[in-house]
Amino acid sequence: MSAEFALFFWPAATIAAYLACRAAYRRRAAWYLSPLLTAPVLLIALAVGLHASYGDYLAGSHVLMAMVGPLTVAFALPIYDQRAVIRRNWLALSVGVGVGSLIAIGSGYGLARLLDFAPELRQSLLPRSVTMPFAMNVSGHVGGIPELTAVFVMITGIAGAAMGDVLLKLLPLRSAMARGALFGMGAHGAGVAKAREVGAEEGSVAGLVMIMAGLANVALGPLIIHLFA
């Protein structure tokens, strides 16, 4: 496969795989059909069939990777749209995001120490609990591997969304704010999608918490991660 053709083929294949998997998920909203899980499986199968390496895929799809930066900036728009919610609940949101971020980084650090990860792997794991554009940004600044961080983020999101319904039954979360924050902090993007299935307000709060956690981790995450590391 020529480099010129790869520049078209891999971005198109990635988008097509995501759209196909999202359509399947909408027909049956089971956690194991999440596009975050099934789309990479399809792409891996395609790469194996074409005898392409991960380097070949990355070289062809760098246009999509370049969009991560603008996407991060675009997260400011939902924050602006939800400014009234932030004004009303700023203390609860701030405390929840702060404590949730510390627990997420601390649990990642504990897991990395338990498994005796190398420093580079440990730095890649620690920012796993924020949405992918923010996590990859933090990982790159603290000596991690952004692409590996993206995998950890995906696993965290799928696991969090799958466990979300169980936690809602076990925990006495009666308000839409609490239920939405559970998904937004615990499972970022996948959690927002799941929260929207629970209710519109829950989805809105989950998206807000996800973005606030991402911004907080970009601003303070490298300092906190260096302290843990």
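The dialogue below goes through salt bridges, backbone angles, a pocket and a surface patch.

Tutor: Keep in mind that this is a predicted model. Start with the salt bridges.

Student: How many salt bridges are there?

Tutor: The criterion is a side-chain nitrogen of Lys or Arg within 4 Å of a carboxyl oxygen of Asp or Glu. By this rule there are two.

Student: Which residue pairs with Glu202, and how far apart are the closest N and O atoms?

Tutor: The partner is Arg179, and the closest N and O atoms are 2.6 Å apart. Next, look at where each residue sits. Glu202 belongs to helix α12 (residues 200-228) and Arg179 to helix α11, so the bridge ties together parts 23 residues apart in sequence.

Student: Is Glu202 buried or exposed?

Tutor: Buried means under 20% relative accessible area. Glu202 has 6%, so it is buried.

Student: What does Glu197 bridge to?

Tutor: Glu197 pairs with Lys194, with 3.3 Å between the closest N and O atoms. Here the general idea is helix geometry. An α-helix has 3.6 residues a turn, so residues three or four places apart point the same way. Glu197 and Lys194 are three residues apart in helix α11, which puts about one helical turn between them.

Student: How accessible are Glu197 and Lys194?

Tutor: Glu197 is partly exposed, at 42% relative accessible area. Lys194 counts as buried, at 12%.

Student: Now the backbone. How should I read a positive phi?

Tutor: Most residues other than glycine have a negative phi.

Student: Where is His51, and what is its phi?

Tutor: His51 is not a glycine, yet its phi is positive, about 60 degrees. It is placed in the loop between α2 (35-49) and α3 (54-60). His51 is exposed, with a relative accessible area of 73%.

Student: And what is the phi of Asp116?

Tutor: It is positive too, near 55 degrees. Asp116 lies in the loop between α7 and α8 (119-125). With 67% relative accessible area, Asp116 is exposed.

Student: Which residue with a positive phi follows α9?

Tutor: Gly143 follows α9, with phi near 90 degrees. As for helix α9 (residues 132-141) itself, its buried residues are Pro133, Phe134, Ala135, Met136, Val138 and Ser139.

Student: How do I describe a pocket?

Tutor: Give the volume, then the lining. The second largest pocket holds about 520 Å³ of space. Its lining has 26 residues, and those nearest the centre are Ala181, Leu182, Met185, Gly186 and Ala187. The elements giving two or more residues to this lining are α7, α10 (146-170) and α11 (176-198).

Student: Which residues form the nonpolar patch on the surface?

Tutor: Trp90, Leu91, Val95, Val99 and Ile103 form it, with about 510 Å² of accessible area together. One of them, Leu91, lies in helix α7 (residues 83-114).

Student: One last residue. Is Arg122 buried or exposed?

Tutor: Arg122 is buried, at 14% relative accessibility. Arg122 is found in helix α8. Sequence separation and spatial distance are read as a pair. Arg122 and Ala59 are 63 residues apart along the chain, and 25 Å separates their C-alpha atoms.

Notes
Residues are numbered from 1 along each chain as its sequence is written. This is a predicted model: local features need pLDDT of at least 70, side-chain atom pairs count only at pLDDT 80 or more; totals for chains, interfaces and linings use all residues. Side-chain values use heavy atoms; hydrogens and water are left out. Patches are made of residues with over 30% relative accessible area and no salt bridge: like charges are joined within 9 Å, nonpolar side chains (Val, Leu, Ile, Met, Phe, Trp, Tyr) within 5 Å. Accessible areas come from the Shrake-Rupley method with a 1.4 Å probe; for residues, only the protein chains shown count as cover. Helices (H or I, at least four residues) and strands (E, at least two) are DSSP runs, numbered from the N terminus. On a 1 Å grid over the protein atoms alone, a cavity is a set of points where a 1.4 Å probe fits but cannot get out, and a pocket is an open set with protein on both sides within 12 Å along at least five of seven lines; lining residues have an atom within 4 Å of a point. Grid points are joined across faces, edges and corners, and a volume is the space filled by probe spheres set on the points. Buried means under 20% relative accessible area, exposed over 50%, partly exposed in between (1.4 Å probe, protein chains only).
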